[in-house]
Amino acid sequence: MSKALSYSIAAVLLVLLILVRAFEDVLFYDPYLLFFENDYLYIDSPRREVAKLVFFTSLRYLINTLLSLGIIYCAFKDKQMIKFSIIIYAVAYLCFLVPFLYFVINPRQEDYYLFFNVRRFLIQPILLLLLLPALYYYKLKR
């Protein structure tokens, strides 16, 4: 694959990540989108369907993961890095889903800030922002 094609594919995948974010309210069920935009410290947790919320949050995490893995592959073209990234994404999913479920099932106002940040790791491609420079540094040192 030529560099131009690789960069073009990575750009398309990046645009898809942006579109997932731009149309999140249409594509996914998430009553916390509006909740965390407003004065969440002064109002109660919104009504939610836990199974539906977990499904759509997991779906969004999966979509972001697949797009991120595509970007990582276009950047490095190394299957070992992809395997490592898959492990990181799987472990991160499990590590963030447990507290996410706790906060959804047991909403307490004093936990909203921590819940907001745990949820952010599940619904936004933050791991991509962490993995790209780490893998680049690894590649330089190798």
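**Labels and their cut-offs**

Guide: Let us start with a contact: the side chains of Asp111 and Arg108 meet in a salt bridge, at 3.2 Å from N to O. Bear in mind that this is a predicted model, where local features need pLDDT of at least 70, side-chain atom pairs count only at pLDDT 80 or more, and totals for chains, interfaces and linings use all residues. Residues are numbered from 1 along each chain as its sequence is written, and side-chain values use heavy atoms, with hydrogens and water left out.

Visitor: Why is the contact of Asp111 and Arg108 called a salt bridge?

Guide: The term asks for a side-chain nitrogen of Lys or Arg within 4 Å of a carboxyl oxygen of Asp or Glu. Asp111 and Arg108 have N and O at 3.2 Å, so the label applies. Glu110 and Arg108 also form a salt bridge, at 2.9 Å from N to O, and Arg108, Glu110 and Asp111 are linked in a network of salt bridges.

Visitor: What makes Asp111 buried, and what is Glu110 called?

Guide: Buried means under 20% relative accessible area, exposed over 50%, and partly exposed in between, with a 1.4 Å probe and protein chains only. Asp111 has 12%, so it is buried. Glu110 has 59% and is therefore exposed, while Arg108, at 38%, counts as partly exposed.

Visitor: Which parts does the salt bridge of Glu24 with Arg60 tie together?

Guide: The closest N and O atoms of Glu24 and Arg60 are 2.7 Å apart. Glu24 lies in helix H2 and Arg60 in helix H4, so the pair ties together parts that are 36 residues apart in sequence. Helices here are DSSP runs (H or I, at least four residues), numbered from the N terminus. Glu24 counts as buried at 11% relative accessibility, and Arg60 counts as buried at 3%. The whole structure has 5 salt bridges.

Visitor: How do you know which residues line the largest cavity?

Guide: On a 1 Å grid over the protein atoms alone, a cavity is a set of points where a 1.4 Å probe fits but cannot get out, and lining residues have an atom within 4 Å of a point. The search finds 2 cavities of 30 Å³ or more, and the largest has a volume of about 50 Å³. Its lining includes Tyr61, Tyr89, Phe121 and Leu127. H4 gives the most to this lining, with 3 residues.

Visitor: And what lines the second largest cavity?

Guide: Arg60 is one of its lining residues, as are Phe28, Asp30 and Ile123. The volume of the second largest cavity is about 30 Å³.

Note on methods: On a 1 Å grid over the protein atoms alone, a cavity is a set of points where a 1.4 Å probe fits but cannot get out, and a pocket is an open set with protein on both sides within 12 Å along at least five of seven lines; lining residues have an atom within 4 Å of a point. Grid points are joined across faces, edges and corners, and a volume is the space filled by probe spheres set on the points. Helices (H or I, at least four residues) and strands (E, at least two) are DSSP runs, numbered from the N terminus.
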